[in-house]
Amino acid sequence: MKLIITDLENFNIPVEGEYKVIQPQAPVRNCIGCFGCWTRTPGRCVIHDGYENTGIEMGRCTELIFVSRCCYGSLSPFVKTVQDRGLSYIHPDFVMRRGEMHHKRRYGNVIQLSAYYYGENITDTEKETARKILEANADNYDGKVKNVYFYHSLEELEGIRL
């Protein structure tokens, strides 16, 4: 399954295969770092605002796709907040991967990450930052980067297929 996290309120990009979209439908609250998703309710955020199952949904997907406005080389505030709320995808225990310490995956799936950034005048520096952040996220999730794309406008996104 593809899990798509987007800041687009009217998401109408064609998607092939099984998928779920997380988009702005209600205000999303920030992760407060309480680690309740690791200890009190393993896999599920303790904040009940409609986004508490993000980590569980990540555990069900094979591809995590971000469709987001590029903000200084990163995800938009909404998409980043939802991503943070998926902290429960990883386990509190640590493992060594490629000489670095990372959290273990809670679930057996291996996620491929893709990002579709849009925005006017995205600089080369912002593009490089976005690529590095996505690679770091893939390392943290014990996954792989599949694709990173940049578009000048929302209109350009109309021609893509996920």
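What percentage of the 162 residues of the protein count as buried? The answer is 47%. Please keep in mind as you read on that this is a predicted model.

**Overall build**
- The protein has five helices and seven strands.
- Starting at the N terminus, the order of these elements is β-β-α-α-β-α-β-β-β-α-β-α.
- A compact globule of 162 residues would have a radius of gyration near 15 Å, and the protein agrees with that, because its own value is 15 Å.
- Along the principal axes, the C-alpha atoms fill a box of roughly 45 × 40 × 30 Å.
- Among contacts with a separation of 6 or more, 66% come from residues 24 or more positions apart.

**Surface and charge**
- About 8,600 Å² of the protein is accessible surface, and carbon and sulfur atoms account for 48% of that.
- There are 20 positive and 21 negative side chains, with the centres of the two sets 8 Å apart.

**A closer look at histidine 103**
- You will find histidine 103 in strand S5, which covers residues 100-105.
- Histidine 103 counts as buried because its relative accessibility is 18%, and the cut-off for buried is under 20%.
- A polar atom of the histidine 103 side chain lies 3.0 Å from the backbone oxygen of histidine 91.
- Beyond its neighbours within four places in sequence, histidine 103 is in contact with several residues, including Trp38, Ile90, Pro92, Phe94, Arg97 and Asn140.
- His91 is also among these contacts of histidine 103.

Methods: Residues numbered from 1 in each chain as written. Predicted model: local features only at pLDDT ≥ 70, side-chain atom pairs only at ≥ 80, totals over all residues. Heavy atoms only, no water. Helix = DSSP H or I, 4+ residues; strand = E, 2+ residues; numbered from the N terminus. Rg over C-alpha atoms; globule rule 2.2 N^0.38 Å. Buried < 20%, exposed > 50% of the residue type's maximum accessible area, 1.4 Å probe, protein only. Contact = heavy atoms within 4.5 Å. Areas by Shrake-Rupley, 256 points an atom, 1.4 Å probe, with all protein chains shown as cover. Lys, Arg positive; Asp, Glu negative; His and termini not counted. Charge placed at Lys NZ, Arg CZ, Asp CG, Glu CD. Polar contact = N/O pair within 3.5 Å; in protein donor to acceptor, adjacent residues only side chain to side chain.
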